[in-house]
Amino acid sequence: MASGFRFSKRSEHALAGVHDDLVRVARRALELTEVDFVVTEGRRTEARQRSLVAAGASRTMRSRHLTGHALDVAAWVDGGVRWDWPLYPRIAAAFKAAAAELGVAIRWGGDWPRFRDGPHFELDRRSYP
Ligand SMILES: [Zn+2]
């Protein structure tokens, strides 16, 4: 069943510079998801990453965002962004289904045992070094 959701201009802009395989997964996830989402950030400059680390919003200068191997989403409900945790595993389920279908290995930040990062998806380093 198709969700009928479409990416906004903001999402399309955020997808610029992101690895094609991850973009394909995100597009398919949007078709499969029950919870609409926007792409808030894809590829990051080193300067931006440095400022995020300085602000404590990121912990590493080895971020997959720097190489276009990661993107962040935000749940979109009733015309606004929502950060309620329970929405994110539902979005992740769509990403995982899309990735399996397309044969693309991804990791969800929400599965990380420490510093769980629900909005974050990235290509698996083992397949995409
Ligand atoms: Zn991220």
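I began with residues 58-123, where the chain is 24% helix and 27% strand and the end C-alpha atoms lie 18 Å apart; helices (H or I, at least four residues) and strands (E, at least two) are DSSP runs, numbered from the N terminus. UniProt, in an unreviewed entry, places the feature "domain: Peptidase M15C" at residues 58-123; its positions follow the numbering used here, its feature names are shortened, and its annotations may be inferred rather than shown by experiment.

I noted that this is a predicted model, in which local features need pLDDT of at least 70 and side-chain atom pairs count only at pLDDT 80 or more, while totals for chains, interfaces and linings use all residues. Residues are numbered from 1 along each chain as its sequence is written, and side-chain values use heavy atoms, with hydrogens and water left out.

Histidine 65 and aspartate 72 are both buried, where buried means under 20% relative accessible area, exposed over 50%, and partly exposed in between (1.4 Å probe, protein chains only).

**Core**

I then turned to the largest nonpolar core, which has 32 residues, and recorded that Phe37, Leu71, Ile91, Phe95, Ile106 and Phe121 touch the most other members. Such a core is a set of buried Ala, Val, Leu, Ile, Met, Phe, Trp, Tyr and Cys residues joined through side-chain atoms within 4.5 Å. Helix 4 gives the largest share of this core, eight residues.

Leucine 71 lies in strand 2 and is buried, with a relative accessible area of 0%.

**Loops**

Which loop holds glycine 68? I placed glycine 68 in the loop between helix 3 (46-54) and strand 2, and I found glycine 68 buried, with a relative accessible area of 0%. The C-alpha atoms of glycine 68 and tryptophan 112, 44 residues apart along the chain, are separated by 20 Å.

I placed tryptophan 83 in the loop between strand 3 (80-82) and helix 4 (87-102); tryptophan 83 is exposed, at a relative accessible area of 53%.
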